[in-house]
Amino acid sequence: MSPATPRSAFWRGFFAALPFTIVVGPFGMLFGVVGAEAGLDVAQIMGFTVLVIAGASQFTALQLMQDNAPTLIVIASALAINLRMAMYSASFAPHLGAAPLWQRALIAYMNVDQTYALAINDYEAAPKQSTAAKAAFFFGASTPIIPIWIGASALGIVLGEAIPPALALDFAVPITFIALIAPALRTLAHVAAALTSIVMAILLAFLPWNLWLLFAGLAAMMVGAEVERRMGARP
Amino acid sequence: MNYSMTEIWIVILALGAGTFVIRISFLGILGDRALPVWVLRHLRYTAVGILPAMVTPLVLWPQATGGQMEAGRIAAAMLALAIGLWSKSAIWAIVVGMATLWGLGWLLG
């Protein structure tokens, strides 16, 4: 691959992210709908959406608040779901660690599952890109996804119950993740890691506070790394 | 929901700040320091290690059905994966996955 300029990397990221707007939109809308039904006002719903930008943890917080859980429990449980992002942060470090701090801060703010997976797929496929090009790819991927997430939540507040439940908007989430995983299954090691991840998620489902997710992720990473080591040099 | 305005905003601000700290953590502290080879080897499998685990309960025991397995959702997930693997294209995986779910939902009523 020819060395990518930051400009071309930005647009590559932008176009790679476009299909995901189909599913990020409905998911964002769903948060607006559920938030309004739960009795949050517009500023609070948008506060969640803009300041947190992490759908799964936002829904968890909402659900616990509807059960009137203590404030501290709400915060801790929702944060536990986002702990996976520390692993995302670590796996970005070798690629983006040399970027200026303000860029790393902006990347951190917009690092959601979709932008992360799109970017890391690209860095793995073309590791020799400059740091500037890698950062530009991330910003390109964020450009359609983040504003649509925020705008869709606002739309959800307005539309509210006009959205029929038969649309099964909740299922947009697993479908997006599957669409992110499938192209990443390039080697035997990646496939082994993904299978471990599924099996461990089932076996550890009884663990509280989303700990199952962290343990399943760690186990899958160990299996992936071990398969890669045994297969010899990196393909 | 029984929270004061202040309590709701405390949740929002704490969750926002905490999530940002989690996200910047390693990226902010490590900078461009070189990591050991074995650590890098593990980090390469972060995405394929975490995302399938997140998908599994959403497909097998979704909240929207009260935790009951549902043929439509499982079929939609399998088809989306198959199409994604075959076409290497996200858009077809998404389109086929959602179309299957809606189609089966309509057929099975």
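Which domains does the domain assignment of chain B give? The assignment gives domain 1 (1–33) and domain 2 (47–108), the bounds coming from an automatic or database domain assignment, and the C-alpha centres of these two domains of chain B lie 31 Å apart.

The model is predicted, so that local features need pLDDT of at least 70 and side-chain atom pairs count only at pLDDT 80 or more, while totals for chains, interfaces and linings use all residues. Residues are numbered from 1 along each chain as its sequence is written, and chains are lettered from A in the order in which they are written.

**Chain A as a whole**

The secondary structure of chain A comes to 12 helices and zero strands, where helices (H or I, at least four residues) and strands (E, at least two) are DSSP runs numbered from the N terminus. With a radius of gyration of 19 Å, close to the 18 Å that the globule rule gives for 235 residues, chain A is as compact as a globular protein of that length; the radius is taken over C-alpha atoms, and the rule is 2.2 Å times the number of residues to the power 0.38. Buried residues make up 54% of the 235 residues in chain A; a residue is buried if 20 or more other C-beta atoms, placed from the backbone, lie within 10 Å of its own, exposed if 12 or fewer, and partly exposed in between. Ala125(A), in helix α8 (residues 113–125), is exposed, with 12 other C-beta atoms within 10 Å.

**The contact between the chains**

The contact takes 87 residues from chain A and 65 residues from chain B, two residues being in contact if their C-beta atoms, placed from the backbone, lie within 7 Å. The side of chain A that touches chain B divides by residue class as follows.

| Class on the chain A side | Residues |
|---|---|
| Nonpolar (Ala, Val, Leu, Ile, Met, Phe, Trp, Tyr, Cys and Pro) | 63 residues |
| Polar (the others, Gly among them) | 17 residues |

α6(A) has 13 residues and reaches 18 Å from its first C-alpha to its last, close to the 18 Å expected at 1.5 Å a residue, the expected span being 1.5 Å times one less than the number of residues. Because 12 of its 13 residues are buried, α6(A) is largely enclosed by the rest of the structure; among the buried residues are Arg84(A), Tyr88(A), Phe92(A) and His95(A).

**The largest nonpolar core**

A nonpolar core is a set of buried Ala, Val, Leu, Ile, Met, Phe, Trp, Tyr and Cys residues joined through C-beta atoms within 7 Å. Of the 117 residues in the largest one, Ile175(A), Ile178(A), Ile181(A), Leu51(B) and Ala80(B) touch the most other members. Helix α9 (residues 131–159) of chain A gives the most to this core, with 12 residues, and the core also draws at least three residues from each of domain 1 (1–33) and domain 2 (47–108) of chain B. Leaving aside its neighbours within four places in sequence, Ile175(A) is in contact with Val23(A), Ala76(B), Ala80(B), Ile94(B), Gly97(B) and Met98(B).

**Around helix α3 of chain A**

In helix α3 (residues 42–51) of chain A, the buried residues are Ile45(A), Gly47(A), Phe48(A) and Thr49(A). Their cover includes α2 (21–38), α4 (55–66) and α9 of chain A, together with α1 (5–30) of chain B. Just after α3(A), Ile53(A) takes a positive phi of about 40 degrees.
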